[in-house]
Amino acid sequence: MMKSHMRKITVVFFILPIIGWLFGLSLFTSVYASSAPVKLRILQTTDMHGHLMDENDEGESVSDFGLVRTATLIKNERNENKNVLLFDTGDILEGNAFADYIFQTRLMHLGQTHPVINVMNILRYDAMTLGNHEFNYGIGFLTESLRDATFPIISSNIYNEDMTKNIFDDVSYMNPYVILDRTLVDANGDERAIKIGVIGFLTPIVADWNSNYFKQKLKMRTITETANQYIPQMKAKGADIIIALAHVGVNADKGLSAHEGNSVNELKSIENIDVILFGHSHNIFPEKPNEWFQSQTTPFIVQAGHWGNHLGRIELELTQNGNKWIIEGGATSVIPIYKQVKGKKVPNVSKDKQVEALIKRPYKELKSFRKWHAH
Ligand SMILES: [Zn+2]
């Protein structure tokens, strides 16, 4: 009698908490269970320098550069993946005969859109940051060129020159960052809202190289200092992940007086930056094209060469736990638009018809413009 009573108590003593725990757990999991995996592809172009067509300054066809081919890679990625974002890390406006022609003819005065912006609009870029070469034709031309962009253009460490040493009253030259509201689709096909913070950085050497335009108008601040100012703000505004668009090399520019804090090497140790897309030095990173470079740690970093010769690509594996987004892993790679066959450069992809149709006319005009000026 006594024994069975004890057993009952024992059963109640042990079983009830387990039932309670299981019940609690099921409640807990229904609210906080991790979502099905979400794959997010982040694409990058950089240092385009006006190279839209597969054509060099002499008007000859080439296979190793031109956004007209990179566009095909971009569209392939969009066709094969549900969640794709596209960014550019600057130096779009200056650097070839075509860019010079657009500057000299000032098509924007006639109400036309700068051809580079035109192409970027139809390729539906999600955001871009400025490169130092954006300033080569002056601030007026820069403003005019960017006027028709249908995507945000951001840069956080360019400030209006206010001639004071007080940094607290500094006003940014343009929007330092943007928080993109996007809906991603998980492996089960469920839609999930995410806030993607995107911030832009530019090497301060631009103030030396373009001092005629910067003097008394604009000033630069150190990249890491600006990151430390804005990244917490972006987090406070609900950014689930943060992507840095950095027009700066792995190392700081030689000759830069403020050498410290102005490199990708230093930016990558700033807390809460999950992805760095960078440009400026025209290299590629990771260095083996077409091979996925796995990494378990943030930030994930990529550099897509120059002139559209590669597309930078990062795949983030995410889950959503309650309201919190977690980066479970990811990989980076760069895809070239051409390959070497017996010492010859052969295209990997055909030209995108939509982009080609859009730029045919201004490139043709460039040819007659050249002929006219040669006589
Ligand atoms: Zn460049």
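Which residues touch the most other members of the largest nonpolar core? The views below start there. This is a predicted model, where local features need pLDDT of at least 70, side-chain atom pairs count only at pLDDT 80 or more, and totals for chains, interfaces and linings use all residues. Residues are numbered from 1 along each chain as its sequence is written.

**View 1. The largest nonpolar core.** I242, I243, A244, L245, A246, L267 and I276 touch the most other members of this 85-residue core. Strand β9 (residues 241–247) gives the largest share, six residues. A core here is a set of buried Ala, Val, Leu, Ile, Met, Phe, Trp, Tyr and Cys residues joined through C-beta atoms within 7 Å. Buried means 20 or more other C-beta atoms within 10 Å of a residue's own, with C-beta atoms placed from the backbone. Strands are DSSP E runs of at least two residues and helices are H or I runs of at least four, numbered from the N terminus.

**View 2. Strand β1 and its partners.** Six of the eight residues of β1 (residues 38–45) are buried, so the strand is largely enclosed by the rest of the structure. β1 pairs with β14 (residues 310–321) in the antiparallel sense over seven bridges; pairing takes at least two DSSP bridges. V38 has L318 as its bridge partner in β14. With β2 (residues 84–88), β1 pairs in the parallel sense over five bridges, and T45 stands opposite D88 there.

**View 3. Helix α2.** L67, V68, R69, T70, A71, T72, L73 and I74 are buried in α2.

Note on methods
A residue is buried if 20 or more other C-beta atoms lie within 10 Å of its own, exposed if 12 or fewer, and partly exposed in between; C-beta atoms are placed from the backbone.
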